[in-house]
Amino acid sequence: MNAVTRFAPLLGRILIGQIFLLAGLDKIGKFSQVAAGIAGKGLPLAQVLLATTIIVEVGGALMILLGWRARLGAAALFLWMIPVTLLYHNFWAMDGSQAYINQIMFQKNLAMMGAMLLIVAFGSGSHSLKKD
């Protein structure tokens, strides 16, 4: 097994997991502002939805980063990203630069969802706590 094969899964998990971990931790510090944004989208129980989001983001990220039940963490993040992507990056309902920026964010989320599906399919790989 060469170095790329040995370390690519670990590096990949770090690269994809860190974005969810940092986003979830950031939401803790900005709880009331983020909850207000969720409520502004017309969603009920904004604080409950936000708490669930934080659990999914931080928990799923840690599962991926550690490689412990990474398939489950990736599946949870994948499923969570479907409504989030559709609600928050609906570029088709926007104009001008807002539409352009949100189309890029939409596509970024699709790429991250692809990474989640790869983890679901192939597990955490080397240098992990396993229990996929």
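1. Leu 118 is exposed, because its relative accessible area of 52% is over the 50% cut-off. The model in which this value was computed is a predicted one. Leu 118 is a residue of helix 5.

2. The overall architecture may be stated briefly. The chain contains five helices and zero strands, and its pattern along the sequence reads α-α-α-α-α. The C-alpha trace spans about 50 × 30 × 20 Å along its principal axes. Of the 132 residues in the chain, 32% are buried. When contacts between residues at least 6 apart in sequence are considered, 67% of them join residues at least 24 apart.

3. Helix 1 (residues 3–29) and helix 3 (residues 46–66) have axes that come within 8 Å and cross at roughly 150 degrees. The two helices are therefore roughly antiparallel, the angle being over 145 degrees. Their crossing is left-handed.

4. The residues that form this contact can be listed by helix. Helix 1 contributes Arg 13, Ile 14, Ile 16, Gly 17, Gln 18, Phe 20, Leu 21, Ala 23, Gly 24, Leu 25, Lys 27 and Ile 28. From helix 3 come Leu 50, Thr 53, Ile 54, Glu 57, Val 58, Ala 61, Leu 62, Ile 64, Leu 65 and Leu 66. Sorted by class, the contact of helix 1 with helix 3 comprises 15 nonpolar, four polar and three charged residues.

5. Is Ser 128 buried or exposed? Ser 128 is buried, because its relative accessible area is 19% and the cut-off for burial is under 20%. This serine is placed in the segment after helix 5 (96–122).

6. The surroundings of Ser 128 include polar partners. Its side chain makes a polar contact of 2.9 Å with the side chain of Ser 124. A polar atom of the Ser 128 side chain also lies 2.8 Å from the backbone oxygen of Gly 125. Leaving aside residues up to four places away in sequence, Ser 128 touches Arg 13, Leu 66 and Gly 67. Arg 13 and Leu 66 are also among the residues that make the contact between helix 1 and helix 3.

Key. Residues are numbered from 1 along each chain as its sequence is written. This is a predicted model: local features need pLDDT of at least 70, side-chain atom pairs count only at pLDDT 80 or more; totals for chains, interfaces and linings use all residues. Side-chain values use heavy atoms; hydrogens and water are left out. Helices (H or I, at least four residues) and strands (E, at least two) are DSSP runs, numbered from the N terminus. Buried means under 20% relative accessible area, exposed over 50%, partly exposed in between (1.4 Å probe, protein chains only). A polar contact is a pair of N or O atoms within 3.5 Å; within protein, one must be able to donate a hydrogen and the other to accept it, and residues adjacent in sequence count only if both atoms are side-chain atoms. Contact means heavy atoms within 4.5 Å. Axes are lines fitted to C-alpha atoms, for helices over the stretch in contact, and angles run from 0 to 180 degrees between N-to-C directions. Angles under 35 degrees count as roughly parallel, over 145 as roughly antiparallel, 65 to 115 as roughly perpendicular and the rest as oblique. A crossing is left-handed if the near helix is turned anticlockwise from the far one by less than a right angle, and right-handed if clockwise. Ala, Val, Leu, Ile, Met, Phe, Trp, Tyr, Cys and Pro count as nonpolar, Asp, Glu, Lys and Arg as charged, and the others, Gly among them, as polar.
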